[in-house]
Amino acid sequence: MSNPRKKRLLAVTAAAAVTALGLAACSGSSGGSNNAATTTTAAFDAANGKIFNPSDKKGGTITMADEGEPDSTDPGDSYYGYTWDLMRLYGRGLVMFDVAPGDGSSKLSGDLADGLGKPSENAKTWTYKLKSGLKFEDGTAITSKDIKYAITRTLDKDIFPDAPTYFDDLLAWPADYKGAYKSKGVDVKSAIDTPDDSTIIFHLKNSFSGFDYLMTTSQAYPVPEAKDTGAKYKEHPISSGPYMFATYEAGKKFTLKRNPNWDAATDPQRKALPDGYEYSMNVNQDDIDNRIIAGDLDIHVTGTGVTPATQGKVLSDPNLKARADNPTLARLWYTSIPTTVAPLDNKDCRMAIMYAMDRTAYQTAYGGAFAGGAIATSLMPPLIPGSLKKDFYPSQDNKGDLTKAKEALTKCGKPDGFEITMAFRNERPKEKALAEAFQQQLAKVGIKVTPKGFAKKDYFSTYAGNPPYVKANNIGLAANGWGADWNDGYGFLAQIVDSRVIRETGGSSNISVRMPEVDKLIDQAAVETDNAKREALYGQIDTLVMDNAVIYPGVWAKALLVRGKTLTNVFVNQAYGMYDYTSLGKQ
Amino acid sequence: MTVPPTEVATPQTDALETEGPDSPKAIEGRSLTQIAWRRLKRDKVAMAGAAVLIFLILVAIFAPLIVKFLGHPPDEFHQDLVDTEMGTLGPKGAWGGISWDYLFGVEPVNGRDLFSRVVYGSRISLLIAFLATLLSVIIGSTLGIIAGYAGGWVDAVISRAMDVFLAFPLLVFAIALAGVVPDNAFGLQGNTLRVVMLVFIIGFFNWPYIGRIIRGQTLSLREREFVDAARSLGARTPRILARELLPNLVAPILVYSTLLIPSNVLFEAALSFLGVGIQPPTPSWGGMLSDAVTFYTMPHFMLFPGLAIFFTVLAFNLFGDGLRDAFDPRGR
């Protein structure tokens with residue numbers, strides 16, 4: 001994946017996990033933050049797992065800056081974690097992650113709906129009931145038809161290229177249905193049925209118990225058909241949340257003001273403290289960091305953490321460090337070891353790499369323990385249920401075990417080592433540092449690594465993700481990374497270990513895992529109804545991949561965030577891996 | 001053959017200028033080269049530039065030896081010297097970890113010895129700059145002489161070609177070309193291919209600067225008596241070009257190639273800075289600067305490769321200026 005937590009999980013494999021996931025169990029609409037731990041002492045990680053500076057004081061404007069631009073401000077056309085976090089300010093879905101620090105956000109509650117979805121026996125049909133008294137910013141009532149319309153319009157990928165394709169793939173659309181614009185007037189009852197204004201029923205092709213998760217995404221926020229302006233809707237999406245668009249200048253800035261028709265009584269989760277938000281785009285990131293430190297800016301909106309220069313400044317100054325938080329993300333930075341490249345078709349040769357590499361060098365290349373992440377010993381990050389707590393290739397102080405690596409090399413018939421190329425993305429200094437680290441460390445056992453950089457935009461389509469190119473160019477190592485769409489084994493593993501997503505024409509994030517046993521386990525896990533058993537299956541997949549040494553797990557990512565100087569009510573929402581943007585207030 | 005052309009060009013007044021009154025020998029003629037050398041020796045600034053240049057070239061040639069005694073292998077990691085406990089990843093110790101063991105300190109993140117990398121970086125920078133200049137000089141002087149001597153449509157074609165090359169958006173083209181050149185081409189691979197490609201890009205597109213000067217010089221020289229004399233004695237064109245004109249063009253060629261080298265050093269640094277130069281981990285000054293940008297709070301990282309480029313360019317320019325003055329005192 002190429003972007004900060006850009007999500008690309010796909011339900012092609014769609015066989016459905018009739019997961020338990022405690023769906024029915026956690027109905028609820030209680031604002032999870034009420035009984036959470038709080039603190040007013042500025043300290044490192046004070047807003048990670050706790051609410052820092054709790055307050056109910058209203059007023060003020062929160063300023064945010066983005067070093068680039070969001071893919072879109074239209075909720076139907078966005079696929080970033082940070083936009084999903086942000087769009088909750090001006091949009092509401094049927095379901096949302098509880099707004100709470102720590103593990104609290106792993107729980108789901110009804111948002112527009114009065115509770116979670118009610119699945120049919122086989123989880124192929126899902127029914128939601130809307131709360132009463134819901135209104136758009138113009139005062140018209142929000143009905144189930146507006147949600148149906150919102151989903152049907154995002155099927156048009158010519159106009160909304162960024163939206164994920166979950167709904168396209170999962171719902172039982174009529175044959176040849178092309179979305180609300182191109183197939184205007186077509187009855188979509190087979191996929192989404194709205195028997196009355198407050199009821200909406202989804203019909204799925206296959207059972208899928210994770211459907212409530214989908215309802216948290218911005219793609220399912222209601223859109224009034226009468227006000228839809230297609231590709232221009234992003235300039236003023238009609239708000240269903242506490243804030244609405246005041247101004248919009250493409251590529252520069254937009255501002256939000258209070259939505260007078262939002263009723264707090266229907267929305268216990270959003271605090272709506274400030275009077276407005278100001279969002280600047282295309283701001284230099286060093287500038288963003290410096291302004292946050294100085295107090296001129298409140299939030300670095302993409303939540304990717306500070307630049308290396310700021311990192312040094314923040315960590316070495318105790319006063320600044322007390323303003324920083326260091327949340328763990330559901331993301332793994334790893335290195336693929338393609339088995340199509342000789343001699344890496346031999347497991348022992350791959351094991352030599354697993355043993356020889358210095359994990360601390362990997363961690364340091366990615367920015368160290370704070371900005372880089374924790375040393376990974378298997379694939380699934382600790383945030384994901386079922387993640388393993390086993391070290392498959394232990395070594396003293398994680399510095400690599402050269403003796404065992406030598407043994408493995410002898411076993412694979414290459415006692416003097418071999419030569420491979422390592423692919424990385426030119427635009428990413430961390431990956432370049434990693435390639436140099438691999439070269440240094442593997443040279444100690446005779447494996448000669450030649451680092452080679454590629455353009456980021458063609459990395460998967462033409463180079464590292466293109467199997468014939470990998471084979472022809474001897475790419476035995478490829479820097480890679482993956483973040484989960486949501487924190488469960490399916491969302492994390494499906495795209496990176498399923499060999500069926502590999503395309504010979506290129507484009508897949510799975511560069512190296514071609515194991516039929518793993519494919520079989522993925523299918524098995526997708527239909528496993530028991531929570532514990534399913535998590536165990538994902539653990540089994542993880543174990544198989546690790547035992548076969550086809551992925552070198554690097555670090556489980558962390559981000560180093562700095563809190564704005566005058567913010568109240570700050571905490572990290574684990575569902576998004578960054579500050580919760582609906583709760584912030586100003587001193 | 002007629003009078004040697006170099007003596008023809010000798011200005012008579014200068015020949016006497018440096019003779020001491022108590023010279024035991026009779027007054028004798030000096031070649032232009034000898035005179036220029038005498039003048040150059042008296043130019044302190046140019047000689048200082050030359051000393052720095054010789055030093056730099058020696059450093060580049062003996063880089064492995066220097067690093068063996070004063071540094072560490074340039075690609076070797078020393079992450080124990082980097083602050084991983086606090087997490088800043090900056091070098092431990094003041095001034096970027098400068099010590100007797102690490103004369104220029106260490107890089108952040110991987111802790112490589114900056115001194116060794118700057119020393120090794122001189123090899124890439126100077127190698128590419130010299131070879132590229134050589135290529136420019138060969139193409140430029142050949143085409144310049146031909147254009148100047150032949151005149152007519154040959155001159156017109158070559159001169160227009162020069163205009164086209166001078167108007168070419170070189171940097172943009174270089175970035176595009178360096179991006180599409182594959183890993184293996186022309187039987188070369190890896191960094192050898194990159195060096196050849198950089199030499200080609202920089203050298204091939206810079207020849208008109210030399211070419212124009214040579215053309216102009218040739219235009220004035222071809223009307224001189226000694227050329228007419230050679231022609232009337234039946235010398236063929238190639239002989240006139242090689243034996244009569246070329247020796248008289250050595251001075252401008254030498255001067256302008258000395259001035260072209262620093263601009264090529266800068267151009268190579270710019271390309272490496274933009275990521276289209278040498279592949280990592282081979283050190284090059286431009287590449288080091290590019291790495292240093294993300295760590296602007298640790299100025300030592302940027303300072304040393306920056307100073308290396310600065311001194312190289314300055315030394316070449318001072319020496320080149322001195323050389324020009326020595327060959328052509330009227331140009332002062």
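**A walk through a predicted two-chain model**

Met64(A) of chain A stands opposite Ile299(A) in strand S13(A). The model is a predicted one, in which local features need pLDDT of at least 70, side-chain atom pairs count only at pLDDT 80 or more, and totals for chains, interfaces and linings use all residues. Residues are numbered from 1 along each chain as its sequence is written, while chains are lettered from A and ligands numbered from 1 in the order in which they are written.

Strand S3 of chain A covers residues 61–65. Helices (H or I, at least four residues) and strands (E, at least two) are DSSP runs, numbered from the N terminus. Two bridges link S3(A) to S13(A), residues 299–300, and the two strands run parallel. Two strands pair if DSSP finds at least two bridges between them. S3(A) is also joined by five bridges to strand S12(A), residues 276–280, again in parallel. There, Thr61(A) has Gly276(A) as its bridge partner. Four of the five residues of S3(A) are buried. A residue is buried if 20 or more other C-beta atoms lie within 10 Å of its own, exposed if 12 or fewer, and partly exposed in between, with C-beta atoms placed from the backbone.

Chain A also holds an open sheet of four strands in the order S6-S7-S9-S8, with antiparallel pairing. Its edge strands, S6 (118–119) and S8 (192–193), each pair on one side only. S6(A) is joined by two bridges to S7(A), residues 125–129, and these run antiparallel. Pro119(A) stands opposite Trp126(A) in S7(A).

The domain assignment divides chain A into domain 1 (14–280 + 561–586) and domain 2 (328–558). Such bounds come from an automatic or database domain assignment. The C-alpha centres of the two domains lie 33 Å apart.

Further along chain A comes strand S17(A), residues 419–425, with six of its seven residues buried. Seven bridges join S17(A) to strand S18(A), residues 448–454, in parallel. One of the bridge pairs is Glu419(A) with Lys448(A). In S19(A), Leu477(A) is the bridge partner of Met422(A).

H12(A) also takes part in the packing around helix H8(A). The buried residues of H8(A) pack against helix H11 (402–411), H12 and strand S20 (551–558) of chain A. H8(A), residues 347–356, has eight of its ten residues buried, among them Cys349(A), Ala352(A) and Tyr355(A). Leaving out residues up to four places away in sequence, Ala352(A) touches Ala405(A), Ala408(A), Leu409(A), Cys412(A), Val445(A) and Ile447(A). Two residues are in contact if their C-beta atoms, placed from the backbone, lie within 7 Å.

Ala352(A) also belongs to the largest nonpolar core, which has 246 residues; Ala352(A), Leu434(A), Ala464(A) and Leu493(A) touch the most other members. The largest share of this core, 13 residues, comes from helix H6 (residues 114–150) of chain B. Domain 1 and domain 2 of chain A each supply at least three residues to this core. A nonpolar core is a set of buried Ala, Val, Leu, Ile, Met, Phe, Trp, Tyr and Cys residues joined through C-beta atoms within 7 Å.

Chain B has 13 helices and two strands. Of its 332 residues, 42% count as buried. Among contacts in chain B with a separation of 6 or more, 71% are between residues 24 or more positions apart.

Where the chains meet, 25 residues of chain B are in contact with 30 residues of chain A. The chain B side has ten nonpolar, eleven polar and four charged residues. Here Ala, Val, Leu, Ile, Met, Phe, Trp, Tyr, Cys and Pro count as nonpolar, Asp, Glu, Lys and Arg as charged, and the others, Gly among them, as polar.

Thr84(B) lies in the loop between helix H5 (63–70) and H6 of chain B. Thr84(B) counts as buried because it has 20 C-beta neighbours inside 10 Å. Apart from neighbours within four places in sequence, Thr84(B) is in contact with Thr364(A), Gly368(A), Gln79(B) and Leu89(B). Thr84(B) and Val109(B) are 25 residues apart in sequence and 8.4 Å apart in space, C-alpha to C-alpha.
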